[in-house]
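Trainee: Could we go through this model together? I would like to begin with the aromatic residues.

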Amino acid sequence: MAEPTVVLEKLSFLEGPRWRGGRIWVSDFYTHRVLSAEPDGSDLRVEATVPAQPSGTGLLPDGRVLVVSMRDQKILRREHDGTLVTHADLSGLARGVLNDMAVDREGRCWVGCFGFDLMAGGDLETAVLVRVDPDGSAEVVADGVYFPNGTVVRDDTLIVAESFGNRMSAFDIRPDGSLGGRRDWARFGDLPTSRNIGEMLPGLAVVPDGIAEPDAEGAIWVADADHHRAIRVREGGEILDQITLDELQTYAVALGGEDGRTLFLAAAPSFLEHERRDTRDAVLLSTRVEVPLAQ
């Protein structure tokens with residue numbers, strides 16, 4: 001596999017890369033911008049400015065963009081004229097700041113949250129998943145999730161990376177929008193026995209962060225946020241391939257490009273806010289992979 005090349009650089013901390021409309025989209029936390037660019041990094045555009053910190057993005061069926069606004073626990077909607085409005089206020093439902101999300105073909109969004117104050121070194125608490133319907137109404141659809149992070153919807157199944165749970169979980173999406181019980185999509189090890197993050201991290205075999213849409217063989221590329229790599233995982237947990245970065249950690253990935261064989265990797269030296277907020281050494285990388293994005 002080719003050595004990853006730089007697509008974008010001199011950014012603060014990147015999350016939520018998504019391939020859409022022939023462009024790569026990504027959120028830059030501490031410059032408060034949602035960006036898009038050509039796959040080689042040219043024609044960089046600011047798609048939205050989110051003062052309360054952007055994370056995951058998605059598209060409604062009519063093409064309007066949804067953006068997670070992390071710190072005020074809102075989902076914002078970019079109207080066709082470019083203005084941002086509140087799509088949903090999750091402050092009465094979410095525990096901690098909002099995180100990544102997925103938007104399905106019906107326009108429902110599935111959103112995770114931290115569950116505790118990670119950046120202040122708080123002890124682990126589990127979090128909830130929230131469903132937001134196209135009209136902006138919302139409800140909690142799952143609880144007890146170990147830091148829900150990267151999220152995708154595929155064939156009426158919600159797949160969620162649990163960063164501090166050593167696992168990726170799957171939930172059947174019922175016709176009424178409720179979820180069936182959690183099951184392992186991939187288990188990498190046991191659940192943590194400590195609530196202290198510093199004690200817990202060395203015991204996690206994989207720290208699944210952002211995840212890509214499934215590829216044509218049903219496998220998923222996963223950012224392993226504490227082991228300098230991205231891994232390609234089959235349902236059941238078998239690791240099929242990996243891309244290793246020497247000095248940077250990988251925090252999110254997206255599969256795209258014109259032929260679906262470009263893997264984008266959001267990378268930085270660390271995730272801690274006090275280290276990333278005033279620095280500009282995060283990058284978006286890309287490399288070529290053999291199995292394309294599923295159609």
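Trainee: Which residues form one aromatic cluster?

Mentor: F13, F29, Y30 and Y251 form one aromatic cluster. Rings of Phe, Tyr and Trp (its six-membered ring) pair if their centres lie within 6.5 Å; planes under 30 degrees apart count as stacked, over 60 as edge-to-face and the rest as tilted. This is a predicted model, in which local features need pLDDT of at least 70 and side-chain atom pairs count only at pLDDT 80 or more, while totals for chains, interfaces and linings use all residues. Residues are numbered from 1 along each chain as its sequence is written, and side-chain values use heavy atoms, with hydrogens and water left out.

Trainee: How many aromatic pairs does the rule give?

Mentor: The count comes to 8 aromatic pairs. In one of them, the ring centres of F13 and Y251 are 4.9 Å apart and the planes are at 55°, so this pair is tilted.

Trainee: Where do F13 and Y251 sit in the chain?

Mentor: F13 is in the loop between strand 1 (5-11) and strand 2, and Y251 is in strand 22 (residues 249-256), 238 residues apart. Strands (E, at least two residues) are DSSP runs, numbered from the N terminus.

Trainee: And is F13 buried or exposed?

Mentor: F13 is buried, with a relative accessible area of 3%; buried means under 20% relative accessible area, exposed over 50%, and partly exposed in between (1.4 Å probe, protein chains only). Y251 is buried as well, also with a relative accessible area of 3%.

Trainee: Turning to strand 2, why is it described as largely enclosed by the rest of the structure?

Mentor: Because 6 of the 7 residues of strand 2 (residues 14-20) are buried.

Trainee: How does strand 2 run relative to strand 3, parallel or antiparallel?

Mentor: Strand 2 and strand 3 (residues 23-28) run antiparallel and are joined by 5 bridges; two strands pair if DSSP finds at least two bridges between them. L14 stands opposite D28 in strand 3. Their hairpin has 2 residues between the strands, and G21 takes a positive phi near 60° there.

Trainee: What about the largest nonpolar core?

Mentor: The largest nonpolar core has 50 residues, and I75, L90, V111 and F164 have the most contacts inside it. Such a core is a set of buried Ala, Val, Leu, Ile, Met, Phe, Trp, Tyr and Cys residues joined through side-chain atoms within 4.5 Å. Strand 12 (residues 127-132) supplies the largest share of this core, 4 residues.
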